[in-house]
Amino acid sequence: SKQDFIRNFCIIAHIDHGKSTLADRFIQKTGVVSDRDFNAAGGKQILDSMDIERERGITIKSQAVAMQYTAKDGNTYTLNLVDTPGHVDFTYEVSRAIQSCEGALLLVDASQGVEAQTLSNLYLAMEHDLHIIPVINKIDLPSADIDRIKQEIEDDLGLDSDLAVAISAKNGIGIEDLLEALIEQIPAPKALSEKPLKANIFDSHYDPYRGVIIHVRVFEGRLTKGQNILLMNTQAQYKVETTGIFRIKLEENEALEAGEVGYILAGVKSIGDLRVGDTITDLDNPCDAPLPGFKEVKPVVFSSIYPLSSDQYDELTEAMEKLRLNDAALVYEKDSAAALGVGFRCGFLGLLHLEVTQERIEREFNLGILLTSPSVRYRLTDKKGHTWMLDNPAKYPEPSQLELCEEPMIKATIITPTEYVGSLMALCMKKRGIQEQMIYLDTKRVELIFQMPLAEVLFDFYDSLKSLSRGYASFDYQESGFAPTDVVKMDILLNGEVVDALSQLVFRGNARERGLQICERLKEEIPKHQFKIAIQAAIGGTVVARETVSALRKDVTAKCYGGDITRKKKLLERQKEGKKRLKMVGNVELPQSAFLAVLKSK
Ligand code: GDP
Ligand code: MG
């Protein structure tokens, strides 16, 4: 059948192990883009289309592409590559992409070896019974250690290293062997076109000319123009307008059949109307049950966005609406705070998602904004027994009314070379972590599993982990419910006035230290004024930390920011931008950079 010549696969890897480079190499090798266009792209990744993705080297939106490849057996196969996002903030999206495939290429950097995200992605792939081909990438590097990686593939991943394919995605070594292995080993999809329709939405994107493009994998039945469809989890109904496949550009076709990956247009107005992971079926001839594993994606980090100048509220509203069209995970509602005017309360999947959103508003819409201190969502119970969720420190009730405060917990997995175990354990302990497991993966590497409060991971955890381990430790996490905690609301005062946007809920035991850190960071961020500025951190009216920005002297023309010269130039430029954009808070001009800086210690 037609399905015998289809292979659906994804590439899973830890960040930077070469997933995007390999995807581009496949695209070139199978002639989806000409060699000339490939070279013209000048090393820019073809599938990672968003600017921010390229600059940060991460894949945020997943993409798919259909490739034709004539194998050594003389047959021409359709290879559907379903790209997966590469960051812990986006695990659910990864799982939906994985669910759409029969096989996965598990990419391991030949000089770095197996890391936390390699493992967590492997587990996801195994859960969905994917056939997994281990791939050792970057064998061109002098530091490549193929034997060691093979050992890790056996020991840590439990896979047969004899089946591993060694490649260099960058130099194009071993690519054909890999394509042949893929065709030979990954099972063809089942030929179930005669059954009622069952298709998975694994992604969607917004096209200004065509509207919402739904990315689908058909498991059973077929999708055709004019068909009335039902989305089983949201119960929404649509009529299919177009079906097609991804060839970098969209290419219309007659129908999508069982086993195929492609897109449909169905007159969906906004991405927010769709849920990744939902099952599409035929309205008149539905399948009996949706695909398993559907989840509403829940934001875990909350912050308010305000325009720097309040007359830009309308522009911000428009920007938010446009972003939402493209980003189903972004949720927001109108919000206002006395000193800051009108803005939006927003929910994000994680801090990265928050920062990417901030950057997109600034770059794509050229709007100066500020974000208030991010917060997790607490579960509060008052003395009368009422329970509610709270994510806005400004709305924290009078403590005497509260019976119980619970905070979200995570299960953190860290993989590190043994020499950093001591300092990383100390870091986790400092972050109120409770050790659950410590596993020696081999003589050189350890896997640590900790229960930790999500709030602690937000505050400077990832950066500390990277610097303590000189970049070698990797980190991944899963949510794991709520646990009782003891938080206090900490206010930041500038010249005696509370700045709502900087208020935070912090663990009582860390409050003083956190207050000191924040005051110190603010002192660095706030430029000198004509007058002295007192910065204070206070809990329930009691000042726990203070700093002073002295007044501008005549001979001082600019504040020296003491920037860390080793940081990337780009980052510095971005910070400069942030410092140029100011928000008047009372009589003090706060640079935009101050609002996020309070989250990061030096
Ligand atoms: P991703 O985060 O997994 O998508 O990784 P990328 O494809 O963006 O690659 C991360 C970095 O590794 C980039 O600088 C690539 O140029 C580099 N890279 C990828 N594959 C190879 C390879 O085979 N050899 C070498 N030397 N570098 C590679
Ligand atoms: Mg990438």
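Q: What makes a residue buried, partly exposed or exposed?
A: Buried means under 20% relative accessible area, exposed means over 50%, and partly exposed lies in between (1.4 Å probe, protein chains only).

Q: Why is Cys346 called buried?
A: Its relative accessibility is 1%. The limit is under 20%. Therefore Cys346 counts as buried.

Q: What kind of model is this?
A: This is a predicted model, where local features need pLDDT of at least 70, side-chain atom pairs count only at pLDDT 80 or more, and totals for chains, interfaces and linings use all residues. Residues are numbered from 1 along each chain as its sequence is written, chains are lettered from A and ligands numbered from 1 in the order in which they are written, and side-chain values use heavy atoms, leaving out hydrogens and water.

Q: Is Cys101 buried or exposed?
A: Cys101 has a relative accessible area of 6%, so Cys101 is buried.

Q: How do you know that Cys101 is in no disulfide?
A: A disulfide is a pair of cysteine sulfur atoms within 2.5 Å. A search of the whole structure finds 0 disulfides. For Cys101, the nearest cysteine sulfur is that of Cys10, 4.0 Å away.

Q: What makes a run of residues a helix or a strand?
A: Both are DSSP runs, numbered from the N terminus: helices are H or I with at least four residues, strands are E with at least two.

Q: Which residues of helix α6 are buried?
A: In α6 (residues 146-155) they are Ile149, Glu152 and Ile153. They cover an arc of only 100° around the axis, so they lie on the same side of α6. The arc is that of the directions from the helix axis to the C-beta atoms.

Q: Why do residues three or four places apart point the same way in an α-helix?
A: Because an α-helix has 3.6 residues a turn.

Q: How far does helix α9 reach, and what span is expected?
A: The expected span is 1.5 Å times one less than the number of residues. Helix α9 (residues 351-365) has 15 residues and reaches 21 Å from first C-alpha to last, close to the expected 21 Å.

Q: What makes α9 mostly covered?
A: Of its 15 residues, 12 are buried. Among them are Leu351, His353 and Arg360.

Q: How do you know that β7 and β8 pair?
A: Two strands pair if DSSP finds at least two bridges between them. Here 9 bridges join β7 (residues 198-207) to β8, and the two run antiparallel. Ala199 stands opposite Val218 in β8.

Q: In which sense do β8 and β15 pair?
A: Antiparallel, over 5 bridges. His215 stands opposite Tyr263 in β15.
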